[in-house]
Amino acid sequence: MSTSHGPEVPYAISIPDSAINALQQKLALATFPDELKGATWDYGVPLADVKRLVTRWKGGYDWRAAEKQLNEELPQFKRTISVDGHGDLGIHYVHKKSSVKNAIPLLFVHGWPGSFIEIRKILPLLITASPDGSFPSFHVVAPSLPGFGFSDAPTRTGFGAEQYAEACHKLMLSLGYDEYGALSNTGLPQYLIVDNSVTQGGDWGWLVTRYIGCLYGHKHAKAWHTNFSRPEQYNFPPTLTSSPYIYLTSLVKPYTEAEKEGFKRTEWFLGKGFGYNSLQSTKPQTIGYSLADSPVGLLAWIYEKLVEWSDGYKWDDDEVLTWISIYAFSTAGPAASARIYYEVVNMKRELPTPTIPKGQSLFPREILVVPKAWLWSPQLVFTSEHDKGGHFASHEMPVELVDDLRKMFGKGGPCAGIVKGREGY
């Protein structure tokens with residue numbers, strides 16, 4: 001399929017009654033494990049939490065109402081995108097234009113265990129027009145990555161970061177955004193790219209948008225922003241050979257209390273919160289059977305991350321169940337979303353660091369938290385530190401995240417005017 005412009009085909013989520021009934025039947029037959037007396041979250045999701053959520057899922061939670069709200073709030077579409085070596089894939093996406101004609105196109109890329117739902121809170125903020133021209137506005141595109149949500153899944157092995165980037169890039173071109181940017185949010189990394197459009201993302205969105213910057217930067221991507229705090233030019237911590245300036249600076253400048261807390265957070269994640277990654281990056285098919293067949297298993301697997309990766313965010317039960325239901329009712333099934341870990345770990349090559357300008361938002365309860373000095377690179381033009389917030393920045397701290405984007409691309413910001421003909425005011 002070419003990337004020629006064409007009319008958008010509206011898409012409405014409409015899960016068959018048979019799928020909802022099958023979910024209810026499985027929930028009714030759920031078998032729960034026992035639990036040790038005195039067990040805490042260190043052992044995993046508490047039994048009481050899972051039982052409460054399953055009870056609500058079986059009776060009280062209304063998927064049809066949630067489905068209706070998503071369809072009303074988020075203008076959704078689906079179009080065919082051809083990925084080299086993998087054929088045509090139906091890509092589901094949210095697309096909302098600002099009333100400002102010269103608004104900046106922005107590609108928002110989610111991660112795991114997120115989905116397109118992560119655009120929900122920031123969408124109305126991003127498309128808002130400034131009455132006094134004090135901040136930019138954005139045209140927003142938020143796809144479901146292949147294998148996630150209501151996009152088709154790859155059917156062949158080898159669909160890695162470059163292919164995810166290609167799918168997103170071709171989607172933007174098909175919508176007429178020949179120059180664009182990207183924003184990733186949650187899953188493992190995140191960032192924003194701009195070139196008559198921008199990108200933002202987190203988690204896997206970070207990696208996908210990073211690849212967009214490498215593969216399509218300068219011509220199509222002018223800058224990028226991320227809230228995933230991973231150094232671009234080396235594996236942390238810095239060493240005398242990998243980054244001598246940062247290494248030597250860290251020896252003479254004492255770490256702040258906040259940075260020490262960040263070390264603790266990172267140590268916790270890598271030591272006690274990283275098991276899911278080891279499983280999904282080595283045997284995704286094996287864990288896939290549980291995710292696909294057991295809604296209770298799927299619930300516990302993802303709910304654990306929602307709670308432990310956020311910063312004391314008060315998750316409403318129905319909010320959680322909508323998040324999980326998108327995985328349960330996804331086009332390809334929840335097992336498909338786990339394979340990105342395996343494919344990326346087994347990539348045959350690593351691309352160089354993007355040379356386009358970069359913006360960074362720092363949240364203290366991200367899953368990896370490193371000192372700001374470790375993130376320095378010649379491309380880093382914007383940094384914003386926050387005293388609250390975790391991995392799901394667009395969901396936990398929507399106002400703060402959007403404010404950072406406005407500062408980066410607004411008047412007086414380091415990337416003001418970088419998008420040709422797209423001031424967005």
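**Close-up views of a predicted model**

View 1. Let's start with Arg64, which is partly exposed, with a relative accessible area of 30%. This is a predicted model, and its Arg64 side chain meets that of Asp17 in a salt bridge (2.6 Å, N to O). The two come from distant parts of the chain: Arg64 sits in helix 3 (residues 63–73) and Asp17 in helix 1 (residues 17–28), 47 residues apart. Asp17 counts as exposed, at 51% relative accessibility. Arg64 also forms a salt bridge with Glu67 (2.9 Å, N to O). Those two are about one helical turn apart, because three residues separate them in helix 3.

View 2. Lys407 is partly exposed at 46% relative accessible area, and so is Asp403 at 31%.

**View 3. Inside the second largest pocket.** This pocket holds about 380 Å³ of space. Its lining has 21 residues, with Gly44, Val45, Trp301, Glu304 and Lys305 nearest the centre. Helix 11 gives the largest share of that lining, six residues. Sorted by class, the lining has ten nonpolar, six polar and five charged residues.

View 4. Leu240, Leu248, Leu251 and Val252 make a patch of about 420 Å². Leu240 lies in the loop between strand 7 (224–226) and helix 7 (244–252).

Methods: Residues numbered from 1 in each chain as written. Predicted model: local features only at pLDDT ≥ 70, side-chain atom pairs only at ≥ 80, totals over all residues. Heavy atoms only, no water. Patch = residues over 30% accessible without salt bridge, like charges linked within 9 Å, V, L, I, M, F, W, Y side chains within 5 Å. Areas by Shrake-Rupley, 256 points an atom, 1.4 Å probe, with all protein chains shown as cover. Salt bridge = Lys/Arg side-chain N within 4 Å of Asp/Glu carboxyl O. Helix = DSSP H or I, 4+ residues; strand = E, 2+ residues; numbered from the N terminus. 1 Å grid on protein atoms, 1.4 Å probe; cavity = no way out; pocket = protein on both sides within 12 Å on 5 of 7 lines; lining within 4 Å. Points joined across faces, edges and corners; volume = space filled by probe spheres on them. Nonpolar A, V, L, I, M, F, W, Y, C, P; charged D, E, K, R; others polar. Buried < 20%, exposed > 50% of the residue type's maximum accessible area, 1.4 Å probe, protein only.
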